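Morning, everyone. Please take a look at the chain on the screen, and I will walk you through it.

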Amino acid sequence: EAIVSFYKAEDGTEYMVLVNADQKKDGVFKIYFDKEKCNLVEVLFNGKQGTPYHYGNSKDHWDGQWLYPGQMAMFRIEKK
């Protein structure tokens, strides 16, 4: 179970937020996107740090984002 939301900041920067909606179980969530159109950067420490999203062996997704119950991950969408 997950919640996915998309936001656009006042400066036009787009973000995706992923939340583990399960209250008791950890979860691994795969994020699918077109790498030719954008990159994802995980936003950490209130935007002070960004980590490029790793894609693993797949052409169009990372191996998975591990989240604890209720944990949130935020990603900046950098269009090409």
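Start with Trp66. Trp66 is partly exposed, because its relative accessible area is 47% and that class lies between buried, under 20%, and exposed, over 50% (1.4 Å probe, protein chains only). Trp66 sits in strand 6, residues 65–67. Strands here are DSSP runs of E, at least two residues long, and helices are runs of H or I, at least four, all numbered from the N terminus.

Together with Val28 and Tyr68, Trp66 forms a nonpolar patch on the surface, with about 340 Å² of accessible area in total. Such a patch takes residues with over 30% relative accessible area and no salt bridge; nonpolar side chains (Val, Leu, Ile, Met, Phe, Trp, Tyr) are joined within 5 Å, like charges within 9 Å. Areas come from the Shrake-Rupley method with a 1.4 Å probe, and for residues only the protein chains shown count as cover.

A word on the source. This is a predicted model: local features need pLDDT of at least 70, side-chain atom pairs count only at pLDDT 80 or more, and totals for chains, interfaces and linings use all residues. Residues are numbered from 1 along each chain as its sequence is written, and side-chain values use heavy atoms, without hydrogens or water.

Now the whole chain. How many helices and strands are there? Zero helices, seven strands. Of the 80 residues, 32% are buried. The accessible surface is about 5800 Å², and carbon and sulfur atoms hold 50% of that.

Next, the hairpin. Strand 1 (residues 2–8) and strand 2 (residues 14–20) run antiparallel, joined by seven bridges. Pairing needs at least two DSSP bridges between two strands. Phe6 has Met16 as its bridge partner in strand 2. Five residues lie between the two strands, and Gly12 in that turn has a positive phi of about 95°.

What makes up the largest nonpolar core? There are 11 residues, among them Met16, Leu18, Phe29 and Phe75. A nonpolar core is a set of buried Ala, Val, Leu, Ile, Met, Phe, Trp, Tyr and Cys residues joined through side-chain atoms within 4.5 Å. Strands 2, 4 and 7 (72–79) each supply at least two residues of this core. Strand 7 gives the most, three. Look at Leu18: beyond residues up to four places away in sequence, Leu18 touches Ala2, Phe29, Leu67 and Ala73, among others. Contact means heavy atoms within 4.5 Å.

On to charges. The count is two salt bridges, each a side-chain nitrogen of Lys or Arg within 4 Å of a carboxyl oxygen of Asp or Glu. One is Lys79 with Glu14, closest N and O atoms 2.9 Å apart. That pair links distant parts of the chain, strand 7 and strand 2, 65 residues apart. Lys79 is exposed, because its relative accessibility is 60%. Glu14 is partly exposed, at 23%. Glu78 and Arg76 also form a salt bridge, at 3.1 Å from N to O.

Last stop, Glu36. Glu36 is in the loop between strand 3 (27–29) and strand 4. Is Glu36 buried or exposed? Exposed, because its relative accessible area is 68%. Lys80 is 44 residues from Glu36 along the chain, yet their C-alpha atoms are separated by 7.3 Å.
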